[in-house]
Each structure stands twice: as structure tokens, then as C-alpha cells.
Amino acid sequence: MKKDQMIPGRRAVLRIAACLGVAVTTRMLTAGHAEAPGRPATPLPTAGPKAAGPKASAPLKPSSYRLQPMMEGGAPRYSRPALQVRKEPLLELPELGRSMVLTFDDGPDPRYTPDILRTLRQYDVRAMFFVCGEMVEEYPDLTREIADDGHLVCNHTWSHPLMPSLPPSGIRSQLVRTSDEIEKAVGTPPLWYRAPYGAWNRHLFEIGAKLGMEPLAWTVDSLDWTAPGTDKIVSGILDGAGPGVVVLSHDAGGNRSQSVAALRRYLPWLLDEGYRIAVPYR
Ligand SMILES: [Zn+2]
């Protein structure tokens with residue numbers, strides 16, 4: 001069963017991550033926050049017209065920063081500038097102010113993803129979907145629907161392996177194949193990735209940075225992968241709610257009917273409490 005688990009020492013890790021750099025903050029769309037030099041400030045895509053979503057109008061063509069074509073022989077395909085190599089994943093996004101981030105892993109899955117999308121559409125909010133490449137390959141139209149709704153399609157590896165058990169070449173292949181498959185489906189490669197089971201290592205950070213992706217873990221694990229009952233999923237998320245909090249849920253990898261039902265309850269509650277649901281830029 002696909003699942004992810006929380007990483008111990010979150011606060012300590014957060015402090016380390018906060019000290020490590022500004023690569024992510026430069027990409028955050030944080031109204032009222034200063035952007036790093038050379039990076040234009042852009043409005044945060046939260047609630048608003050569908051067209052305001054970061055990918056709502058994404059053309060189905062190679063991204064502008066993909067400057068060189070695929071080369072034979074395994075030469076680097078990605079030409080985006082490499083990012084800072086982190087030592088830990090980001091666990092929350094305080095740059096988003098009072099906004100929270102909803103993330104859904106392991107999909108897309110036609111049994112559950114459409115229901116998740118319907119609820120997010122109903123409340124006009126955007127989320128992050130960490131998809132597996134093999135699922136994207138099987139359901140490209142559903143992947144495109146996620147992006148067309150303005151959500152971020154992010155990299156959750158090709159086949160959901162325990163990444164530290166792979167050699168660097170295997171780690172790279174899992175990430176590159178997935179980014180390529182996502183780009184094929186939605187027109188742009190992902191800028192975020194997440195390790196299955198929350199299992200990261202140095203090679204994963206190095207390779208992800210070379211591919212121009214930031215590592216995002218989570219602040220609150222909804223534990224929906226344990227199927228604890230809709231009530232428990234809802235109360236866990238409500239208890240963990242807070243500014244910049246990243247919530248882990250799943251729209252695939254098992255029976256996710258509880259995840260679907262829970263979203264219909266906690267999302268309106270969060271909005272009523274004054275939280276905004278946001279995604280980082282791209
Ligand atoms: Zn997963």
C-alpha cells in the first residue's frame with residue numbers, strides 16, 4: 001500500500017531548512033513580501049477566477065526554460081538553472097502567510113481524483129498534486145484536468161519506490177521520467193517533488209536541485225492512508241491547521257473514499273476560519 005509517513009524532528013528540520021536559503025521564497029507568490037532581486041513579484045494564486053490559476057492557461061508546448069532539446073545518450077535534458085541543494089525538505093511554507101497548502105499524493109486515480117477536483121472547484125481553491133509518473137502515463141487526460149483547474153502537478157517519482165534504496169542513476173531516472181511524463185501531459189515540467197514515504201537522501205536532494213525542483217514534505221499528515229475514518233481525518237487536519245501548514249492527503253494508492261469525504265468537510269471549515277488555501281508559484 002502506498003503511504004507516506006511523518007519525519008521526526010520537524011521543528012529542528014524546519015529551522016535548518018529556514019537557514020539554508022531563499023530559493024523557495026524567491027518563487028513564493030506572497031503578496032506584501034519582498035521578492036529576491038531579479039525575481040518579479042506576482043500575485044498569490046488563491047481563491048479567484050479559474051483563469052487566475054498558475055496553469056490554467058498553460059499552453060501545451062515545451063516550456064520556455066527548456067532551451068535545449070532531448071539529446072541522445074542520456075545527456076542532460078533540463079536546462080533550467082540548478083537550485084540550491086537542500087539538506088532537508090521543506091515542511092511548511094510560512095512565506096504564504098495565513099494560507100495553508102493542501103497536497104494530494106500518489107494519483108491521479110479516476111476513482112477519487114475527479115471527486116477531489118470537484119470539491120476544490122466548488123470552493124475555488126488550488127492545491128498541489130504529487131503524481132506518480134506511471135499514473136500520469138495511464139491517465140494523461142486526468143492529469144491535464146488537474147492542471148487545467150489551476151492546480152500544481154508535482155513529481156512524486158515514477159513508481160513510488162523507497163528512493164534511498166536506489167543508486168543515483170535510479171533516483172535520477174525516477175525523477176526525470178516523471179517530469180517528462182508530466183510535461184507531456186500538461187505542457188510544463190514540475191517545479192516541486194516529494195519523496196515517497198518521506199524518505200530522502202543526499203542524492204535525492206542533489207538530483208532534484210539539478211532538475212530545478214524544490215523538495216516539499218508536509219507539516220500535517222492527515223493519516224488518511226491508514227483509513228482511520230472520515231471523522232479522524234477531519235479532526236486531525238483541523239487540529240493541525242495553521243499559517244503556512246502543508247497538509248498531506250492521498251487521492252490514490254488505496255481506497256481513498258474517506259479522503260474524498262473528509263475534504264468536503266474540512267475545506268469549508270478552514271475557509272470559514274479565515275484560512276486561505278494557496279499554492280506556491282508554479
Ligand atoms: Zn506517496
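Leu263 counts as buried because its relative accessibility is 0%, where buried means under 20% relative accessible area, exposed over 50% and partly exposed in between, with a 1.4 Å probe and protein chains only. The residue belongs to helix H8; helices (H or I, at least four residues) and strands (E, at least two) are DSSP runs numbered from the N terminus. Its contacts, leaving aside neighbours within four places in sequence, are Leu102, Phe104, Ile116, Thr119, Leu120 and Pro268, a contact being heavy atoms within 4.5 Å. Between the C-alpha atoms of Leu263 and Ile237, 26 residues apart along the chain, the separation is 9.7 Å.

The model is predicted: local features need pLDDT of at least 70, side-chain atom pairs count only at pLDDT 80 or more, and totals for chains, interfaces and linings use all residues. Residues are numbered from 1 along each chain as its sequence is written, and side-chain values use heavy atoms, with hydrogens and water left out.

**The chain as a whole**

Eight helices and eight strands make up the secondary structure listed for the protein chain. Of its 282 residues, 56% count as buried. Among contacts with a separation of 6 or more, 81% are between residues 24 or more positions apart. The mean pLDDT (the predictor's confidence in each residue, from 0 to 100) is 80, and 71% of residues reach 70 or more. Over residues 5-78, pLDDT stays under 50, and the model has 154 contacts beyond four places in sequence for this stretch.

**Nonpolar cores**

In soluble globular proteins, nonpolar side chains tend to be buried together. A nonpolar core is here a set of buried Ala, Val, Leu, Ile, Met, Phe, Trp, Tyr and Cys residues joined through side-chain atoms within 4.5 Å. The largest one has 34 residues, of which Leu102, Phe104, Leu120, Phe129 and Tyr266 touch the most other members. At least two residues each come from strand S1 (99-105), helix H2 (113-122), strand S2 (128-131), helix H4 (140-148), H5, helix H7 (230-240) and helix H8 (257-272). H8 gives the most, with six residues. A separate core has 29 residues, including Leu96, Phe130, Val176 and Trp192.

| Residue | Relative accessibility |
|---|---|
| Asp105 | 0% |
| Cys132 | 0% |
| Cys154 | 1% |
| Trp158 | 7% |

Asp105 is found in strand S1, and a polar contact of 2.8 Å joins its side chain to that of Arg194. Such a contact is a pair of N or O atoms within 3.5 Å; within protein, one must be able to donate a hydrogen and the other to accept it, and residues adjacent in sequence count only if both atoms are side-chain atoms. Cys132 and Cys154 are buried, and a search of the whole structure finds zero disulfides, meaning pairs of cysteine sulfur atoms within 2.5 Å.

**Trp158 and helix H5**

Trp158 lies in the loop between strand S3 (152-155) and H5. Residues up to four places away aside, Trp158 touches Cys132, Gly133, Glu134, Glu137, Gln174, Arg177, Thr178 and Glu181.

Helix H5 has 19 residues (168-186) and should span 27 Å at 1.5 Å a residue, which agrees with the 27 Å between its end C-alpha atoms; the expected span is 1.5 Å times one less than the number of residues. Just after H5, Gly187 takes a positive phi of about 100°.
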